[in-house]
Amino acid sequence: MINDTAKILSEGFDIDQSVVEYVLKHQEIVESKFFKEIDSLKEFNQYKVIEGMQRAKLNSTHFSWTTGYGYDDVGREKVEEVYSNIFRTEDALVRPTIASGTHAINLVLSGILFPGDELVYITGAPYDTLQKVIGSKGGMKGTLIDYGVKYKELELTEKKKIDLKRIPEFVSSDTKMVALQRSTGYSDRNAFTVEELAEAMAVVKSINPDIICMVDNCYGEFMEITEPSEHGADIMAGSLIKNPGGGLALTGGYIVGTSELIEYVANRATAPGIGKECGLTFGMTRNVLQGLFLAPHIVTESLKGSLLLASIYESLGFKTVPKLGDKRSDIIQGIEFRSEERLVKFCQGIQSASPVDSYFAPIPGEMPGYESEVIMAAGAFVQGSSIELSADGPVREPFYAYYQGGLTYEHCKLGIMKSLNNLYVNNLVELD
Ligand SMILES: Cc1ncc(COP(=O)(O)O)c(C=O)c1O
């Protein structure tokens with residue numbers, strides 16, 4: 001069997017034998033060191049999700065849907081109840097009409113912040129697309145700053161941690177909202193753990209308990225046994241084509257939080273007076289819930305892939321974020337490639353391992369919402385789904401590739417082999 005697998009890898013996918021052996025050697029290292037703990041995380045979160053579904057008394061009638069305004073869509077209501085059960089919040093807004101994570105976060109910010117209100121990001125500059133939403137970059141029309149929201153950003157410490165000591169300089173009792181980004185984004189820091197976020201939110205609340213703490217939870221869901229909403233976050237948002245959609249949600253975003261804040265956000269998403277009562281689900285409740293059911297498993301499959309990748313590129317001498325042994329709180333693995341050519345070849349290698357569009361080679365290009373050119377490899381069943389095996393990066397110094405996803409560990413492994421092979425045969429890395 002082992003020989004047959006090695007054969008299909010080298011012959012079916014044209015991977016050099018030395019690359020196959022190199023990856024398998026690292027697989028042994030990460031398996032023995034990390035996989036047992038990852039399986040425990042998976043098990044806990046699987047039960048947490050099932051418990052949330054049972055508590056909501058989910059039944060098969062909830063998979064049907066309505067038309068038009070979408071009044072009395074019991075499936076939609078059930079999805080939102082299940083989300084608030086799992087994230088331990090009072091309420092939730094989970095909709096296929098939320099186009100992306102950026103859209104979900106934009107709804108939170110623009111639904112809650114009014115002219116004259118102050119927003120402070122305490123985790124440094126947010127992800128590229130959010131800078132455009134806020135208006136701190138890009139000069140777009142209709143940004144938060146255009147609407148008169150005041151904005152400040154607290155830089156991270158030299159060690160790339162939240163600067164707890166300086167929070168009181170940046171956040172005052174008049175601040176309306178403090179935002180925290182859990183995941184790495186396009187930066188070179190580790191994701192903040194739930195514990196680190198909780199500590200920072202406690203400092204904020206000690207300044208004024210009424211300050212709203214908002215967490216961009218993209219890529220963090222099910223990476224730990226609790227979520228930031230269980231530790232002080234008043235509202236959180238994320239994308240269904242990332243972790244919580246489990247690869248089955250075709251689109252959508254979620255927002256979870258207190259009833260009052262969800263009401264504000266729902267009034268922005270539809271209209272004041274309509275709020276959560278309208279909005280079609282387009283027959284997607286089954287996919288959204290089945291994806292959520294699978295999410296704890298899939299998140300850990302992709303986590304295993306990230307560890308394998310980190311082990312390999314660390315031993316090849318590249319800087320990795322996070323490092324192999326670091327505590328993780330998102331599914332992203334960053335590798336600093338130090339050259340555009342390596343970044344591009346790596347992403348092309350990932351794409352060539354895809355079940356869909358494997359014969360396309362991605363090249364850098366402009367993307368809506370991004371300042372620099374971006375390269376994106378995602379031969380996915382769902383367009384742009386980054387819980388499926390994918391890699392991307394802005395084409396700028398020091399040429400980080402951000403690798404994430406993989407619905408199965410086996411697929412992660414194939415992507416890792418194909419991308420390493422692409423670097424190896426083009427003499428861009430030497431195997432030690
Ligand atoms: C931390 C973070 N927040 C928000 C987003 C935006 O998500 P989307 O691409 O779904 O708009 C991303 C995207 O990668 C991200 O990394």
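Into which domains is the protein divided? Before I answer, please keep in mind that what we have here is a predicted model. The protein is divided into domain 1, which takes in residues 2-47 together with 296-425, and domain 2, which runs over residues 68-292. If we take the centres of domain 1 and domain 2 over their C-alpha atoms, they are separated by 27 Å, and between the two there is contact involving 37 residues of domain 1 and 34 residues of domain 2.

Let me turn now to the ligand, which sits in the largest pocket. Around the ligand we find S100, G101, T102, Y127, L130 and Q181, and also S183, G185, D216, C218, Y219 and K242. Sorted by class, this shell holds four nonpolar residues, six polar residues and two charged residues.

Which atoms of the ligand lie 2.5 Å or 2.6 Å from an N or O atom in a side chain? In the side chain of T102, an N or O atom is 2.5 Å from an oxygen atom of the ligand, while in the side chain of D216 an N or O atom is 2.6 Å from a nitrogen atom of the ligand. With G101 the backbone takes part instead, as one of its N or O atoms lies 2.8 Å from a ligand oxygen atom. As for how much of the ligand is covered, the ligand taken alone exposes 390 Å², and the protein buries 88% of that area.

Notes. Residues are numbered from 1 along each chain as its sequence is written. This is a predicted model: local features need pLDDT of at least 70, side-chain atom pairs count only at pLDDT 80 or more; totals for chains, interfaces and linings use all residues. Side-chain values use heavy atoms; hydrogens and water are left out. A residue is near a molecule or strand if one of its heavy atoms lies within 4 Å of it. A polar contact is a pair of N or O atoms within 3.5 Å; within protein, one must be able to donate a hydrogen and the other to accept it, and residues adjacent in sequence count only if both atoms are side-chain atoms. Accessible areas come from the Shrake-Rupley method with a 1.4 Å probe; for residues, only the protein chains shown count as cover. On a 1 Å grid over the protein atoms alone, a cavity is a set of points where a 1.4 Å probe fits but cannot get out, and a pocket is an open set with protein on both sides within 12 Å along at least five of seven lines; lining residues have an atom within 4 Å of a point. A molecule sits in a cavity or pocket if more than half of its atoms lie within 2 Å of its grid points. Ala, Val, Leu, Ile, Met, Phe, Trp, Tyr, Cys and Pro count as nonpolar, Asp, Glu, Lys and Arg as charged, and the others, Gly among them, as polar. Domain bounds come from an automatic or database domain assignment. Contact means heavy atoms within 4.5 Å.
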